[in-house]
Amino acid sequence: MKTYEQINDRIESGKAVVLTADEIMDYVDRQGIEKAAEEVDVVTTATFGPMCSSGCFLNFGHSKPKIRISEAWIEDVLVYSGIAAVDVYLGATQLRHNDPANMDYPGEFRYGGGHVMEDLVAGKTLQLFALSYGTDDYPLREIRTYFTIDDLNQAIMVNPRNCYQNYNVAINDSDTTIYTYMGCLEPNRRNASYCSAGQLSPLLNDPFYETIGIGSRVWLAGAGGHVYAEGTQHTGDCDRTSDGVPRESAGTLALTGDMKQMRPDFVRGVSLRGYGVSLGLGVGIPIPILNQDVLRRTCVRDRDIFAPVVDYSHDYPEKTGRTICHVSYVQLRRGEIEVEGKKVVVGSISSYFKALEIAHLLADEIRRGDFCLSKPFAYLPRNRASRPLVVRNSSHE
Amino acid sequence: MSKTETKKWMLFFPRCECEQPIVYHLVKDHNLVVNVYRAKVTPNEEGYLVLDVTGTEEDIASGMEFVKTFRVTINETGIGVMRDEKRCTHCGICVPHCPTGALSIKDNKTRRVEFNGEACIECLECILVCPYAACASAF
């Protein structure tokens, strides 16, 4: 048994033993669980992939004369300004003004909110255009100016949903190509795509949310961030294996961090043909090895994790709830899965390569004493199901 | 008879040379077997041509000399599709879409996506599916 304080003391003295989630299993196999639980302080987990429910609050500071922004665009991408005078929220999936979207199907979606976030973190100069109706205290009615992230008072990433615990494998049962947020799916199950770092993914290493909770410190694209709430659509009450590993998407995290400290390699605009824009984001989460149970759960391997194969031509859009079958991450990583007797090539939209890089970067920061852990002050709900949107015909129904 | 070999070329045609029947002469006068991957050669515009030429070393050399009599630039790497290593996140979404395995994951431990330009047939599928615009065409 170890406490957060003991682990942080070891980190601060530069003595912490830190392994990544893809190294820990072999280590435990060699040392035995008892000895390993005493020796290891932290296991680092990570993921990198498109995370649509991401965005940031920006504060521009006041112009002379002042403006109370009522509508605004950054690089022609609309930002939400229904908050205080010079605060805006930029969302990852917002399209650029005049993007033809899917009018010329499948649309290219070359630039949008996620790309603005990438450019912002990369230190590029961006254009702000804002309008106002004018008030006695904020008389300016229009502004066009250029800025970089250094000119902003704050640039705080605030993401309502990141780090899905597990995810669907998307496949296309129809006889035409479809374009989805899981990429281009060819007809008649000719290919499939998945999106998870599997054995390296944060919530798959802490399936019951014992250490990752509200207040946990996380590595968010290179900046120190934290979990500020359960993620939207968090569904702790889900189908699980006998070891407790979710067999469907399950838990999610709401994350925040200072964009001024982020690294551009881990904040990347995403263009999905025929679908839209998003943000590719890198997240690392340390798991404190408090006891043998916590350690045992970080030893999850790809062979222990199963993802549901779902048809995105009919079952997903129509919300039929049908799952074709489950496949393990060992099969997915091999690049070929078997679906009802047919071999299907499979690609990933989540980058294991980058997740591994993040797990090592975070491990190095902890070993150097630069990243301490924090105990969650509230836990994520474990027994709550997700609700559908009921379409009612009147307000009294 | 000396052994035949295959070279991949990318030819750049400036505007003034776009109407030259170069491929015809490579076949007819220099005994080369030509396999065109991709071409965009339009009258009054600049043009590109990516092709394989197969023949003896001497025939390939004489074909190349012939091409050089025009103001056509030969890029002997013959690669018209590039992968920008810095933009690539190595997610691997392109891998099942690549028909020749030019984009592949060789090491399952690191899951790094490798690009082998020699195996690329320039179908441009990767450019359409890459979410990070890591693949690009010279034309």
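## Aromatic pairs

Over all chains of this predicted model, the count comes to 16 aromatic pairs.

One of them joins Phe57(A) and Tyr89(A), whose ring centres are 4.7 Å apart. Their planes meet at 55 degrees, so the pair is tilted. Phe57(A) belongs to strand S3 (residues 55–59) of chain A and Tyr89(A) to strand S6 (residues 87–91) of chain A. The two parts are 32 residues apart in sequence, so the pair ties them together. Phe57(A) has 34% relative accessibility and therefore counts as partly exposed. Tyr89(A), at 19%, counts as buried, because buried means under 20% relative accessible area.

## A tyrosine pair and its cluster

The rings of Tyr167(A) and Tyr181(A) have their centres 6.3 Å apart. Their planes lie at 75 degrees, so this pair is edge-to-face. Tyr167(A) is in the loop between strand S9 (154–162) and strand S10 (169–171) of chain A. Tyr181(A) is in the loop between strand S11 (178–180) and strand S12 (183–185) of chain A. The pair thus links distant parts of the chain, 14 residues apart.

Tyr167(A) counts as buried at 15% relative accessibility, and Tyr181(A) counts as buried at 16%. Both residues belong to a cluster linked by ring pairs, together with Tyr164(A), Tyr275(A), Tyr312(A) and Tyr316(A).

## Charges over rings

In chain A, Arg382(A) lies over the face of Tyr379(A), at 5.8 Å from the ring centre. In chain B, the charged end of Arg38(B) sits over the ring of Phe139(B), 4.0 Å from its centre.

Notes. Residues numbered from 1 in each chain as written. Chains lettered and ligands numbered in written order. Predicted model: local features only at pLDDT ≥ 70, side-chain atom pairs only at ≥ 80, totals over all residues. Heavy atoms only, no water. Phe/Tyr/Trp six-rings, centres within 6.5 Å; stacked < 30°, edge-to-face > 60°. Helix = DSSP H or I, 4+ residues; strand = E, 2+ residues; numbered from the N terminus. Buried < 20%, exposed > 50% of the residue type's maximum accessible area, 1.4 Å probe, protein only. Lys NZ or Arg CZ within 6 Å of the ring centre and 35° of its normal.
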